[in-house]
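Biologist: Please take a close look at one part for me: the ligand and its surroundings. What holds the space there, and which residues come closest?

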Amino acid sequence: MTNIAVIGSQWGDEGKGKIVDVLSESARIKAIVRYQGGNNAGHTVVVGKVKHAFHLLPSGILHSGKTVVIGNGVIINPEVLLDELLALQSRVGSRHARILISDKAHLIMPWHLIRDGITGGVIGTTNRGIGPTYTDYIARRGIRFLDTTSKKRFSERVHAELLWNKSLIKHEISFNHLSPHARSTLKLRSTLNENSLINRYWKLLNLLKKYPKLSVTDVSSFLDHLQSRGQSILFEGAQATLLDIAHGTYPYVTSSNPTIGGIFIGSGFRPRNLKVIGVAKAYTTRVGHGPFPTELTDKTGDRLRALGNEYGTTTGRPRRCGWLDLTIIKYAKLINGLDSLAVTKLDVLSGIPRLRLAVAYRFGSKTFDTFNPDLNTLSRAKVIYEDLPGWQADLTKIKKFTSLPPQAKSYLHKIERFTGLPVNYVSVGPRRDQIIIR
Ligand code: IMP
């Protein structure tokens with residue numbers, strides 16, 4: 001029995017959803033688990049001509065006969081989850097996996113959206129209430145599914161938190177210089193009417209709980225049961241290593257732990273027999289503010305954005321694009337104990353005559369081939385590149401590693417040599433079948 005974790009190696013949007021979807025096909029995998037984040041994530045899976053975009057549901061959802069799990073570390077906006085389920089139902093009916101939601105998962109409440117609107121601008125958050133919801137989680141003020149077992153209990157929790165949040169929001173408004181966006185967020189204050197909020201959420205929660213093939217339960221017991229029977233579990237990370245609150249480019253990070261430790265905290269899975277696959281895009285992107293040493297603000301960056309369709313699945317924001325930074329992938333290996341890599345979007349690099357890869361950083365007279373996520377360090381560092389020749393051929397129909405142009409093979413070999421990790425999957429297009437498995 002081997003369990004698998006799929007973790008982003010860069011700043012997110014590496015194409016983890018597709019890799020999870022492909023791996024989920026294996027008969028050995030019984031459950032696919034999300035363990036952190038919320039609807040700040042966006043995974044796209046293309047099956048035939050149909051594009052499925054998921055924000056909260058694990059990408060394995062399309063595999064009927066499996067179970068997808070939303071762990072206790074995931075934060076849930078019930079309205080978004082219900083919309084996502086209804087959209088899925090309209091596309092595939094009930095031909096999707098069974099869904100288990102942890103009863104310990106926290107709810108994103110309307111006040112979290114307002115607070116994110118006021119304070120998230122400096123980071124460039126997705127504005128989905130993520131930071132404030134995790135803040136309340138740690139501050140022991142969160143509302144969990146466990147608080148929704150009776151309307152009375154739920155109403156009491158909302159009443160208490162609403163009082164606190166109204167006062168907090170007043171302070172946050174007077175303390176922060178509000179951007180036009182933040183000001184428009186304040187319109188949401190009308191959603192803070194206690195009775196209508198309770199009734200609206202209660203209705204949504206009941207619709208969710210009655211959704212076919214869905215249960216709210218203790219997911220760690222379920223995972224324990226699978227582990228005891230020797231069945232395999234797949235963990236699907238959202239966001240990525242450099243967006244991790246502990247190991248990323250703090251404070252320009254999300255508020256959860258997408259890295260390996262997040263799995264154990266966010267699902268209750270006991271660490272046994274776990275293979276870790278790092279997903280790395282063949283170049284680098286990031287959304288939101290914060291350092292990005294290999295960023296390209298020229299025509300090549302625009303080309304990557306256009307050909308790679310580098311616009312956020314969640315917010316539609318254009319992603320910042322740049323060269324592949326090998327030191328980042330090595331850092332992701334160090335933090336997550338990666339065993340292998342899946343390299344995605346290699347096809348997007350076709351037609352670029354010379355490809356640059358960051359292999360080290362120089363600080364004064366010293367050179368390091370390791371990545372340091374500290375902002376101050378990064379701002380003083382000079383990137384050292386190694387150049388490789390590009391290739392012209394279209395890769396999107398290639399099925400075998402041996403059929404890749406020699407320059408593309410050299411590019412992948414360079415990644416392998418630098419990181420000491422085998423590249424076992426190469427994605428050459430958005431569709432499920434556009435993948436080379438070695
Ligand atoms: P938050 O997660 O909405 O609080 O945003 C914090 C930072 O993480 C911002 O820079 C976001 O752009 C970034 N971020 C959050 N989720 C994703 C994702 O799924 N892909 C890429 N960036 C993300």
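Modeller: A pocket is an open set of points on a 1 Å grid over the protein atoms alone, where a 1.4 Å probe fits and protein lies on both sides within 12 Å along at least five of seven lines. The space taken by the ligand is the largest pocket. A molecule sits in a pocket if more than half of its atoms lie within 2 Å of the grid points.

This is a predicted model: local features need pLDDT of at least 70, side-chain atom pairs need 80 or more, and totals for chains, interfaces and linings use all residues. Numbering runs from 1 along each chain as its sequence is written, and side-chain values use heavy atoms, without hydrogens or water.

Start with the shell. The ligand is surrounded by 16 residues, each with a heavy atom within 4 Å of it. The closest are Asp13, Asn40, Thr126, Thr254 and Arg317. By type, the shell has seven nonpolar, seven polar and two charged residues. Here Ala, Val, Leu, Ile, Met, Phe, Trp, Tyr, Cys and Pro are nonpolar, Asp, Glu, Lys and Arg are charged, and the others, including Gly, are polar.

Now the polar contacts, meaning pairs of N or O atoms within 3.5 Å. The side chain of Asp13 has an N or O atom 3.0 Å from a ligand nitrogen. Gln239 places a polar side-chain atom 3.2 Å from a ligand nitrogen. For Thr254, an N or O atom of the side chain is 2.6 Å from a ligand oxygen. Taken alone, the ligand exposes 470 Å², and the protein buries 97% of that. That area comes from the Shrake-Rupley method with a 1.4 Å probe.

A few points from elsewhere in the chain complete the picture. Helices are DSSP runs of H or I, at least four residues; strands are runs of E, at least two. Thr294 sits in the loop between strand β12 (284-286) and helix α10 (299-307). Thr294 is buried, at 2% relative accessible area; buried means under 20%. A polar atom of its side chain lies 2.8 Å from the backbone oxygen of Trp323.

Helix α11 spans residues 326-336. Eight of its 11 residues are buried, so the helix is largely enclosed by the rest of the structure. Among them are Leu326, Tyr331 and Asn336. Gly337 follows α11, with a positive phi near 65°.

Technical notes:
Buried < 20%, exposed > 50% of the residue type's maximum accessible area, 1.4 Å probe, protein only. Polar contact = N/O pair within 3.5 Å; in protein donor to acceptor, adjacent residues only side chain to side chain. 1 Å grid on protein atoms, 1.4 Å probe; cavity = no way out; pocket = protein on both sides within 12 Å on 5 of 7 lines; lining within 4 Å.
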